[in-house]
Amino acid sequence: MGVKFSITSTLLLFFLAHIQCTPRAFDVTKYGAKPNADITQAIMSAWKEACASPTPSAVVIPKGTFLSNELKIEGPCKAPIEFHLQATLKAPTNPSKMMGGGEWITFRNIDHFTMLGGGVFDGQGKIAWAKNDCKQTGKCSKLPNNLSFNFLTNSVLRDVTSLDSKLFHVNVLGCKNVTFQHFTVTAHGESLNTDGIHIGRSSEITITNSVIKTGDDCVSIGDGSRQVHIEKVTCGPGHGISIGSLGKYPKEEDVVGIYVKNCTLINTGNGVRVKTWPASQPGVATDLHFEDIIMNNVGTPILIDQVYCPHNNCKALVPSNVKLSKISFKNIRGTSSTPVAVKLACSKKFPCHGVEVANINLMYNGKEGHAKSECTDVKPIFSGKMNPAGCA
């Protein structure tokens, strides 16, 4: 009798635990959402009730195709909350049609948030790219990002796709302990200023097991970023994985502890790089590490660029005021699409300190000779096998 009671009690406890761990679903179709129609209000209504739930909850957008205008999805919520996107959610094709003229979808002030579901956020950016003149002017700020994550904590974003954003695919601001896992970004290689994931003023951010194909940096690290880990990311097309650009604006915060490891770059315009503006505002970037990277037909696979001036609209002869230190490039191999495979161009005013380059094997297969290295205002420490040979 005692054994039977024990088994019954165990099964009951397991059942209760399962109920507590399974979030309550708030399906947007119960709030009026219909396929191929604008479901902005249905999403907001479902989120409002889910966020107020005292137990874990999930907003669910089921399989199908739906339309949405600008969304501002905010916490704090009373319990952990999930956002299940199983559908393709489409933005307005014309950015002027967006109600607030800002970001397309913003998630803000949420703790223990999880996004998942295998769905697609389709920014429908092709019309906006055609009208975009930022390649000539450098001014693209009026276009909306696909996704903005502001002040999230202890959150996971996985198994979703950002497609054809009008500007940045993802902007991360003021977040802590957030992981991107199996996250996909897809856009044409000629789409302008469509950074895959941009991180700023955030800490303990991880991007892992993700694929990013876009027209700008696959991942870009802005000021105030600390303890960022990028691992097992496939990047390309795009501009590579970048720290910066830094020094453009007053009072930028330090960048500390960036780790890029076990990544593959394919047909990108740059490889792994650190970029700061000349004649810049003061700044600091330190403890930056790039390791175990495969380059496949990549332009300048290893790059420190402290004279970054993409539109020739700067004082290129005035040194950068951003101080760079404790930077390492290790175990980087593959092919370069440019004869200069390693370029370390530091500031004349504040030369780079503590730069280590080790075990590099980069082949140039073009018609301009062999791969080479260039160094300016830096005394790097080279070790292990070096191809191209190190520079002084």
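Student: Is C314 buried, partly exposed or exposed?

Tutor: C314 is partly exposed, because its relative accessible area is 27%, where buried means under 20% relative accessible area, exposed means over 50% and partly exposed lies in between, with a 1.4 Å probe and protein chains only. Keep in mind that this is a predicted model, in which local features need pLDDT of at least 70 and side-chain atom pairs count only at pLDDT 80 or more, while totals for chains, interfaces and linings use all residues. Residues are numbered from 1 along each chain as its sequence is written, and side-chain values use heavy atoms, with hydrogens and water left out.

Student: Ok, and what is C314 bonded to?

Tutor: C314 forms a disulfide with C309, and the two sulfur atoms are 1.9 Å apart; a disulfide here is a pair of cysteine sulfur atoms within 2.5 Å. C309 has a relative accessible area of 16%, so this residue counts as buried.

Student: How many disulfides are there in the structure?

Tutor: The structure holds five disulfides, and one of them joins C218 to C235, with an S to S distance of 2.1 Å. C218 lies in the loop between β17 (203-213) and β18 (219-221), whereas C235 is in strand β19 (residues 226-235), so the pair ties together parts that are 17 residues apart in sequence. Strands are DSSP runs of E with at least two residues, numbered from the N terminus.

Student: Which handedness does the link of C218 and C235 have?

Tutor: The disulfide of C218 and C235 is right-handed, because the torsion about its S-S bond is about 80 degrees. By contrast, the link of C346 and C352 is left-handed, with -105 degrees about the S-S bond.

Student: Switching topic, where does R273 sit?

Tutor: R273 lies in strand β22, which covers residues 272-276, and with 5% relative accessibility R273 counts as buried.

Student: What does R273 touch?

Tutor: Not counting residues up to four places away in sequence, R273 touches several residues, including D217, H239, F290 and Y308, where contact means heavy atoms within 4.5 Å. The C-alpha atoms of R273 and D305 are separated by 7.3 Å, and these two residues are 32 residues apart along the chain.

Notes: Helix = DSSP H or I, 4+ residues; strand = E, 2+ residues; numbered from the N terminus.
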